[in-house]
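The following briefing concerns one protein model and is organised by topic. Please consult the sequence and the structure shown here before reading on.

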Amino acid sequence: MTNAVPIAYKLAGNEEIQLHLLGGRVRGLTRAVVGQSTIAQLEGLRPDIAFIGANGVHAIFGLSTPDLVESSVKTAIVRSARLVVALADSTKLDEETLVRFAALGDIDVLITDALPSPELSAALAVADVEVVIA
């Protein structure tokens, strides 16, 4: 299941995957499906794992994105999943963007490409977030 049109396009040709694309308005810049109809669909779903991108991961502010509409969908995704995996490269760590969509305690795993700063590492540890360097 995805709300990202580019990801759906890449996965659609794989017959081994049962792909579900969430419906709603497509945001031109990111090609993400957003809006109240998308959020309503997520309220009725319970995925085992959600992979969610973030533009900012901050020790105090949490996970953020610059777009209010996308943040609402990201919040709904985080709330619906049993396990939440955040994806953020090291340029996003210790950054805050306009809208928080999750606290650190709302995620289970952070996958990034470098060790977080000591302050962020400590906050992730307190929130019981596993950090994976990939």
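**Briefing: surface, contacts and charge pairs**

L11 lies in helix α1, residues 5-11; helices (H or I, at least four residues) and strands (E, at least two) are DSSP runs, numbered from the N terminus. The model is predicted, so that local features need pLDDT of at least 70 and side-chain atom pairs count only at pLDDT 80 or more, whereas totals for chains, interfaces and linings use all residues. Residues are numbered from 1 along each chain as its sequence is written, and side-chain values use heavy atoms, with hydrogens and water left out.

**Surface patches**

- L11 counts as partly exposed because its relative accessibility is 32%; buried means under 20% relative accessible area, exposed over 50%, and partly exposed in between (1.4 Å probe, protein chains only).
- Together with I7, I17 and L19, L11 forms a nonpolar surface patch with about 280 Å² of accessible area.
- Patches consist of residues with over 30% relative accessible area and no salt bridge, with like charges joined within 9 Å and nonpolar side chains (Val, Leu, Ile, Met, Phe, Trp, Tyr) within 5 Å.
- Accessible areas come from the Shrake-Rupley method with a 1.4 Å probe, and for residues only the protein chains shown count as cover.

**Salt bridges**

- Side chains of opposite charge can pair when their charged atoms come close.
- A salt bridge is defined as a side-chain nitrogen of Lys or Arg within 4 Å of a carboxyl oxygen of Asp or Glu, and the count by this rule is four.
- R27 and D67 are joined by a salt bridge between their side chains, at 3.2 Å from N to O. R27 belongs to strand β1 (residues 25-27) and D67 to the loop between β5 and α3, so this pair ties together parts that are 40 residues apart in sequence.
- R27 is buried, at a relative accessible area of 16%, and D67 is likewise buried, at 16% relative accessibility.
- R27, D67 and E70 are linked in a salt-bridge network.
- R82 and D48 form a salt bridge through their side chains, at 3.1 Å from N to O. This pair links distant parts of the chain, 34 residues apart, with R82 in the loop between α3 and β6 and D48 in the loop between α2 (36-43) and β3 (49-53).
- D48 is exposed, its relative accessible area being 53%.
- K92 pairs with D89 in a salt bridge whose closest N and O atoms are 3.3 Å apart; K92 is partly exposed at 22% relative accessibility, as is D89 at 31%.

**Contacts and separations**

- Contact means heavy atoms within 4.5 Å; not counting residues up to four places away in sequence, D67 touches R27 and V99.
- I77 is part of helix α3 and counts as buried, with 12% relative accessibility.
- I77 touches N3, L42, A50 and I52, residues up to four places away in sequence not being counted.
- I77 and T38 are 39 residues apart in sequence, and their C-alpha atoms are 9.8 Å apart.
- V132 lies in strand β9, residues 130-133, and is partly exposed at 28% relative accessibility.
- The contacts of V132, not counting residues up to four places away in sequence, are V109, L110, I111 and T112.
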